[in-house]
Amino acid sequence: MCGIAGIVAHEDITAKLVDSIRNLEYRGYDSCGVALMNGSGVISVSKNVGAVDEVSEKENFLKMSGNIGIAHTRWATHGNVTKANSHPHSSGNKAFTITHNGIVSNHDNLRTELGKKGYKFKSGTDTEVIVHLIDDQFKKLGSVESAFVNAMRKLEGTYAIAMITAHDKGKIYCSRMESPLLLGVGSDANYVGSDFNAFINYTKSAVFLEDGEYAIVTHENHVVKKIATGKTVERDVQELQWDLEMAQKGGFPHYMLKEIYEQPQIVHRALDIDGAEIREMAKAAINQKNFFITGVGTTFYVAQIGQYYFSNYAGITPMVISSDEFRFLAQVDSKSLVLAISQSGETYDTLSALRHAKARKAKTAAIINVMGSSMARMVDHLVLQGSGPEICVISTKAALAQMIVLARIALEAGVMRKHITAKEAKTKEKELRKLPNAIDKLLNEQSAFIHAIAKKQSNIRHWLFLGRGRYYPVARESALKMKEVSYVHAEGMPSGFLKHGTIALIDDDLNSVVFTPTEDEKDLFKLTLSSAEEIRARNGYVLGIRFKTKLKQKLPFSDEIVLPKTPSFIAPFLQVVVAHLLSYFTATTLKRNIDRPRALAKSVTVE
Amino acid sequence: MKTLLLTGGRGVNMTPFSKTRPNSMIPIGGDYLIDHTLQSLKSAGIGSINMVVGHKSEVLSNHLGDDHFSDGNIHVINQGKSSTIGSAMLKAKDRFAPGDHFLLVYADIFSTSNIFNLALQAFGLHNEPTALICLTQSGEKYGNVYLDGDMKITKIIEKPKKKAGLGNYVLAGVYVLPYRFFGYLKKTRGNMELALQQVLKKETLRAAIWEDNWLDMAFPWDVLAANRNIMELWNSTDIHHSVKLNETVIKGPVKICKNAEICAGSVLEGPAYLGPGSFVGHNVLIRPNTVIGSDCVIGQGAELKNCAIFDNSTVGRLSFIGDSVVGAGVDIGAGTMTINRKIDKKTVRVLINGKKIDSGLSKLGAFIGDGALVGASNIIAPGTIIQSEERIEHNFSVPKSTGTKGRK
């Protein structure tokens, strides 16, 4: 996902344009750029890697000037995060400059054709192909509009494009095919945007483009036409009733819920990560004498879940150390691999753990979400989880994707070490493929029940979250979710710990959640239930998060959330999602600041 | 945006009050439900309302008065014999033009916040058909939706059976729909559920999540919930200068309207509402979440708790009305008790249209229809419904004079 903005006016628009892409940052923020055209048709382009404010300062965006401009904020999915790959892109003679969102599927063919005609490419992007294609068509046809439309007709795939050109000053050309784009109609300026966050600070009047349409926008008017026929289309101007923040959340009341609902898709993406990358990471993990996994907060629990998967499926027990404690505990040397987990790739504690490891000549690796981040640049092995921007401070989708990636690496390592057979690994992979659907079903069939329980129990201030085996780190991660979003005290621990002290706490003011394994995990299942019984015997409240069983007897829970029968390999992940909803609904009942809980920051980049 | 407001439903579950009024004319928090709806629509910027009326429409038109009908803001369409939502909607089709999108509102929906703002904003996001959805404890009564990560509704399961174990966000009775929707309604013979399925099939139906309070005013006990929702937002006391108070104890936020009178020794525990012209006798205890309409009389020594008394009703001395709703023009004789809890403390079931419905509430009293007459000294069982205009005789333990010799 990327964000496009454009403004055409008769006065300087530089500051407004920078503001526009800042408001689109939620669509992605790994690099950005602006192109501005002055009255004499000279286009200047400035772009670099980083978030809008950072690049604006580095590249002096605000020192530029122009009354027509386009801008872009990028979230790379293909092609590295580099200055060359960031938008806008210009044709060789700088006469055409465009920004683009989407994927042109026939860009390889077009690149070859254009290459034969002598076009030189500076970047690996499909966008640069488009701008050269327009230039090529212009040379042939001599009219900007015909060149633009003809180029669009040659593109396959998805796109939203905005273009400015010295050959037709005073206009923005734009088009859309399956990527969002709309126009903003102002009193003394007109606008183009991926969504109306691009211009909602300036106008609330918008014209929606449909797929296969293009528009030509001047500061006074706009015309919408069909790409296929060139016929003009009449489009009403619509009045938007939407504020900035609500628009970015796309109809969800909070980013947290939006990101929870993105999880089926995010798991798909984690499963689509190239097997070669996973294999390389698995090889790195088993080839070293010592294998460490490190993270902090949620990513520490992600690492712990990974630890169990490595133990259960690869027959190795990686050392999992919280990254803030890493340098005080980890004995790393040149025969070690240190795998760091971080959403942002900038987490201070985890970066210092990696630096500590590197200084002792250890190999390093990372699973992260933000391409081009500090960690991405410093490690020997990298897996990008591809979860898209995560805005809510509480990590949901990114953490789940990291667990999936670790499970995949563990399976690969298991096959390499002959701890499991390739066939067994295949079966588990197939089970993983069932996870997106299972999450989708869970979200759409259980939300109201989880909400009802959260609401009923929202007066409780103390919770124990209990689990055994792979469900133990799930319990810890779930307790952290409850703490950070609802400010309710929750403690995650192995349920075996109960009788060694904690059970003394059981009373009316303390609830327990028991993450119950599947019935197939016989020992775990039995032991977990006996913990629940211990609490019930002391009149404690127990919420069971469990899967359907064949058992006739009632399980020892005060309330339960019953999930369909699920393969044990993916069962813990499904429970993670239940815990997301449980803490979310507890927090909404308590009217907490969901997306920005007190005292927390998205990316902890300080000691 | 043009609006289609559906008020014509029979509200069969709102017995005994649905016999005498449409659901939109249920009093809540001192106003009528319709007043809240119209006010919210107005503040959401809605200028033109097409209101489909039907069941007991004269009650609604009496309340709104001629002014409302002639100033052009509200256009009234009679749904005639239409018996479904869809066929009632079709009656209003001519009020809309091809290319229009319109806001569709079920008049039974109540929220203390402006739910229509969200509908308009959500629609503005994509300019695609939009349905508001919310969470409720009773999902089995509504259309359960399936959502994808882009807030598109992918499936609607209408009224899933309890044992199906389905519980997600439900359709909240507020939509923005295209003119084409009338076509789908025609095709499905006015079946709203099937017409929505057509939207899913042929175009996109976007959802927007409503997180604030939401009530479908379906059952008589929903009146009490609506009152509570309104009054829990009150944070100050408001007593009209014309009110006569004599040695009355007032705690918490209360609203006492014009020309009301409270006699000595009474206690008012807020939140509570006392309508204009109402009279409260000596030593009356009014406990939280009580709403008393206009021109009511509460007799000496009565106790009222979490209840609604509509206009022009009388509660006789030494009575107890708790967790109950009393209609308009009801006369309750002295010493009458509503019993509001079962002896086993289980949730109270209420016989509604021949079906025992579990209210989910362990404290629930009686529902007494408009114009009913309840004789003195009656003890009314939890969950009892007394129909409108019904006459219940005095309940004497000593029915007759014992004669000159007296009893042996």
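The model is predicted.

**Stop 1: helix α4 of chain B**

Select residues 115-126 of chain B, which form helix α4. Is this helix mostly covered or mostly uncovered? It is mostly covered, with nine of its twelve residues buried. Colour the buried ones: B:Ile115, B:Phe116, B:Leu118, B:Ala119, B:Leu120, B:Ala122, B:Phe123, B:Gly124 and B:Leu125. Now step past the end of the helix. B:Asn127 follows α4(B), and its phi is positive, near 55 degrees.

**Stop 2: where chain B touches chain A**

Show both chains. Here 24 residues of chain B are in contact with 24 residues of chain A. On the chain B side, α4, β9 (143-147) and β12 (206-209) each give two or more residues. Which element gives the most? That is α4(B), with five residues. By class, this side of chain B has twelve nonpolar, nine polar and three charged residues.

**Stop 3: two helices in chain A**

Move to chain A and select residues 471-486, helix α17, then residues 571-589, helix α19. The two pack at an angle of about 20 degrees, and their axes are 9 Å apart. Angles under 35 degrees count as roughly parallel, so α17(A) and α19(A) are roughly parallel to each other. The crossing of α17(A) past α19(A) is right-handed.

Zoom in on the contact. From α17(A), the residues include A:Tyr471, A:Val474, A:Lys481 and A:Met482. From α19(A), they include A:Pro572, A:Val576, A:His580 and A:Tyr584. By class, this contact of α17(A) with α19(A) has nine nonpolar, six polar and two charged residues.

Note on methods. Residues numbered from 1 in each chain as written. Chains lettered and ligands numbered in written order. Predicted model: local features only at pLDDT ≥ 70, side-chain atom pairs only at ≥ 80, totals over all residues. Buried ≥ 20, exposed ≤ 12 C-beta atoms within 10 Å, placed from the backbone. Helix = DSSP H or I, 4+ residues; strand = E, 2+ residues; numbered from the N terminus. Contact = placed C-beta atoms within 7 Å. Nonpolar A, V, L, I, M, F, W, Y, C, P; charged D, E, K, R; others polar. Axes fitted to C-alpha atoms, helices over the stretch in contact; angles between N-to-C directions. Parallel < 35°, antiparallel > 145°, perpendicular 65-115°, else oblique. Left-handed = near helix turned anticlockwise from the far one by under 90°.
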